Amino acid sequence: MASGTCPLRLAIFLLSLSVLLATAASEHDPYRILGVGRGASQAEVKKAYKNLAKEWHPDKNKDPKAEDMFIKVSKSYEILSNEERRSNFDRFGQTEENQPFGQSQHQGFRGFHNSFYFDESFFHFPRSRDFADSKYLLQHAQFNSDVLPDSHRRPYLIKVTSEWCFACVHIEPVWKETVLELEPLGVGIGIVDLGYERRLAHQLGAHRAPSIIGLVNGRVTFFHQPVVRELLRQFIEDLLPQRLVEKVTDNNYLSFLESWRVENKPSVLLFDQIPIVPLLYKLTAFSFRDYVRFGFVDQGDAHNTRLLRQFNINTYAPTMLLFKEDTQRPVDVIQARGMKRQIMDEFVSNNKFLQLPRLVNQQLFDELCPVKQFHRRRKYCVLLITGEDPAFLPGSKAFLDFASANRKDVLRFAYVYQRQQQPLCQALLPHQAALAPQVVILERRSHAGKVMYRSVSGGWNGSEEDKHRLHEQLELLQKDPAYLSSDATLPDLNNEMAPMFFIQWMNAAYDYIVQIYDDLLYSNWREMMPILSLIFSALFILFGTVIIQAFSEPSESKPRKAKPKEQPQAEEDASSRAGASSFAVAPPLRMKDMKRLKLCCVSVSARSRPPKKDFVEVTELTDITYISNLVKLRPGHINVVLVLTSASKNALLRKFAKEVFSFSGTQTLHFSFLNGDKHRHWMPSLLRSSSDAMPSEGQWDEEEESPDYAGHVLALNGHRKYFCLFRPVFTGDDPNDCSSEASLSSDSRRKSRSRSRSSSHSRSRSRSREDGPGPKRGSGRATSIEVHHKLDRLGLWMERLMEGTLPRLPVPAWPSLGDQS
């Protein structure tokens, strides 16, 4: 019996389950909910939806089930109005309520999800995007074509969300309340889905959900406070420009109403009992700020009693008065306890122009005098060309009276100042001086500026005769449109109300600074990365330059002129400037060049690098420059130092500059000189520190107290602590030869160089010849020729220095210039 009961129970369970599934499916059947057949057209679906939406709308139907039914109707219409979703339901019977998780995005996994999935309705988990949000969804193209331009007329509140955003669920109730409050006031609402509109989210700068954005005048501002309805309302109010509405009292109401002469706009006054300006009124003022000036009067303020009495204001309901040219009597009035946005917009839009407006820009001209489109839509513009002087006011007042008495739909009256709109006046009155006011009747034929016009003869003085003549011509025009016989092409009007360029630049700079401050304050680093990258790059370059200069040789940072008494006399050749004491900064080397020069050897002759200047910079070694030019010399750099005395300074420097000029193009060579008279102990100290540099017993007299080191040249490697020594060698030229008085002749120089280069370059012979002593002569008997010959073989020695074949004399430490030991 037990075995017979089990199949029966299983059958009952399966039957019950199928009934439950069928019931659940019928509850989500959009065709059954809307009451249409599966073959119904889109028009029938839309008509059924409208009828049911009106019937079950929660604001009209107080049934407790009305809200749920309204939701079902709306969801059903969403499914059936979308062809793809409707086809999906017809084929698979799937809607958003019974569809597996993620199936709409990943159809390839349908089999897996059909067998095992989580239904969000089972856990009563609300979706992050409600059905009502679909009408607010923004797309990239729609945003740029509609929303962005419309943000100059009304602010937008945009929510950035995504599918299955847990944080979005928490702000959803507040968001709904805020939308229900702000949308009727005129605030635009938008929703951006990060999963579907990545491009739009990137344009807005929104990279996470949830985010709330305010959009006013094309400018995006993020909401960073707690999501509270009052704070969101204040956020929108703060985004509006300042001084949209002016506070009006008994003291300033006359100046406010009479500002139409300068502003060229009607004025609207709102009287209300509350002390602050309502947000609805601010939003209306933002929409019509280009056409109308708005003022607010607090009825509870004691300073407004005269204003209330003059216009007989009812203190029990808000009242709006609209004034044009007549400041004593409003042209239109509305009064209602519950002001609606639609009523206020209609009230202002019907009166957004003065009775006789002044053409101040092209936009106003296009609205007042539109281009002819159809024969029955003719619009004739009656234009008064006048001046700004007070003498023209009576004529303008008479023209205003004429315009007020002839209000017809086909006629638009306006005036221009001749001085402000000279191109327009010259096009309409090409052969007239136009010193007196003139009336022109015109009809625009194309947007390119083509018009048909006729000027009224006799000018305009405001007399009754002028009014009668103008009235007759307008009557003829309405009977015969061909009455306008002249044609012209009008240029665009000057924008008289445009702010100065400096003010525009200041406003743009202010907005940019505020945007940067807001991004820095709330760490919007993703948007700030380009600016931060630019700032850090500039700082890196700046401080990098400072650090390089700080670690470079201080002696080479600035050029310094020598004293006048030490300057050599000017000569025609470039070497005459070599005696000047100066400091040079060597540019940094590449790593391969530095390694090569550490060994004091290069593979290419230095003569292959031409000198960058036509003179040689030679630095004097002093107590100040000694450390940087020798002790702290950079690796791979060599300082070639000439030892001289005060008596032989000029002659040796000239010769030294000539010999080393061809090597001055090498960036690793520095040239200096040391005055032996000032630092007489430095050279002996250096030679004593190096045993290889000590002279032989016969080179000079050991008993000589002051050996003559003038003409010695040392190549000092401060980093490796070694030096190469050049000792002057007498070449055998006749010291009494007058042809060599100032310098070697070209013949003797070629002979000397040929003998030097024909000699052996072996190390033993070079040391015996180059290190050998010169002729023994007392310093007092030495002539300028003998001093000059001391550096005859320096060029050969420099070549061997660059080749790396000179002997290196190591030193344990560099002696100081003040060392007396």
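Reader: Is Cys381 buried or exposed?
Author: This is a predicted model. Buried means under 20% relative accessible area. Cys381 has a relative accessible area of 1%, so Cys381 is buried.

Reader: Which residue forms a disulfide with Cys381?
Author: A disulfide is a covalent bond between the sulfur atoms of two cysteines. In this model, two cysteine sulfur atoms within 2.5 Å count as such a pair. The sulfur atom of Cys381 lies 2.3 Å from that of its partner, and this partner is Cys369.

Reader: What is the relative accessible area of Cys369, and is Cys369 buried or exposed?
Author: The cut-off for buried is under 20%. Cys369 has a value of 3%, so Cys369 is buried.

Reader: How many disulfides are there in total?
Author: Cys369 and Cys381 form one of them. Cys165 and Cys168 form a disulfide too, with sulfur atoms 2.3 Å apart. The count comes to two.

Reader: What pattern do the disulfides follow?
Author: Count the bonded cysteines along the chain. Cys165 pairs with Cys168, and Cys369 pairs with Cys381. The pattern is 1-2, 3-4.

Reader: Which handedness does the link of Cys165 and Cys168 have?
Author: Both Cys165 and Cys168 are buried. The angle about their S-S bond is 80 degrees. With that angle, the link is right-handed.

Reader: Is Cys724 buried or exposed?
Author: Once more, under 20% is the cut-off for buried. Cys724 has a relative accessible area of 2%, so Cys724 is buried.

Reader: What arrangement do the rings of Phe402 and Phe413 have?
Author: Their centres are 5.9 Å apart. Their planes are at 75 degrees, so this pair is edge-to-face.

Reader: Which residues do ring pairs link into a cluster?
Author: Phe399 is buried at 0% relative accessible area, and Trp460 is buried at 2%. Phe402 counts as buried at 6%, and Phe413 at 4%. The cluster is made of Phe399, Phe402, Phe413 and Trp460.

Reader: Which residue has its charged end over the ring of Phe365?
Author: A charge over a ring is found at Tyr291, where Lys352 lies over the face, 4.5 Å from the ring centre. At Phe365, the charged end sits 4.8 Å from the ring centre and belongs to Arg444.

Reader: What is the area of the nonpolar surface patch that includes Leu542?
Author: Leu542 is found in helix 21 (residues 525-551). Its patch also includes Ile535, Phe536 and Phe551. The area is about 850 Å².

Technical notes:
Residues numbered from 1 in each chain as written. Predicted model: local features only at pLDDT ≥ 70, side-chain atom pairs only at ≥ 80, totals over all residues. Heavy atoms only, no water. Buried < 20%, exposed > 50% of the residue type's maximum accessible area, 1.4 Å probe, protein only. Patch = residues over 30% accessible without salt bridge, like charges linked within 9 Å, V, L, I, M, F, W, Y side chains within 5 Å. Areas by Shrake-Rupley, 256 points an atom, 1.4 Å probe, with all protein chains shown as cover. Salt bridge = Lys/Arg side-chain N within 4 Å of Asp/Glu carboxyl O. Helix = DSSP H or I, 4+ residues; strand = E, 2+ residues; numbered from the N terminus. Phe/Tyr/Trp six-rings, centres within 6.5 Å; stacked < 30°, edge-to-face > 60°. Lys NZ or Arg CZ within 6 Å of the ring centre and 35° of its normal.
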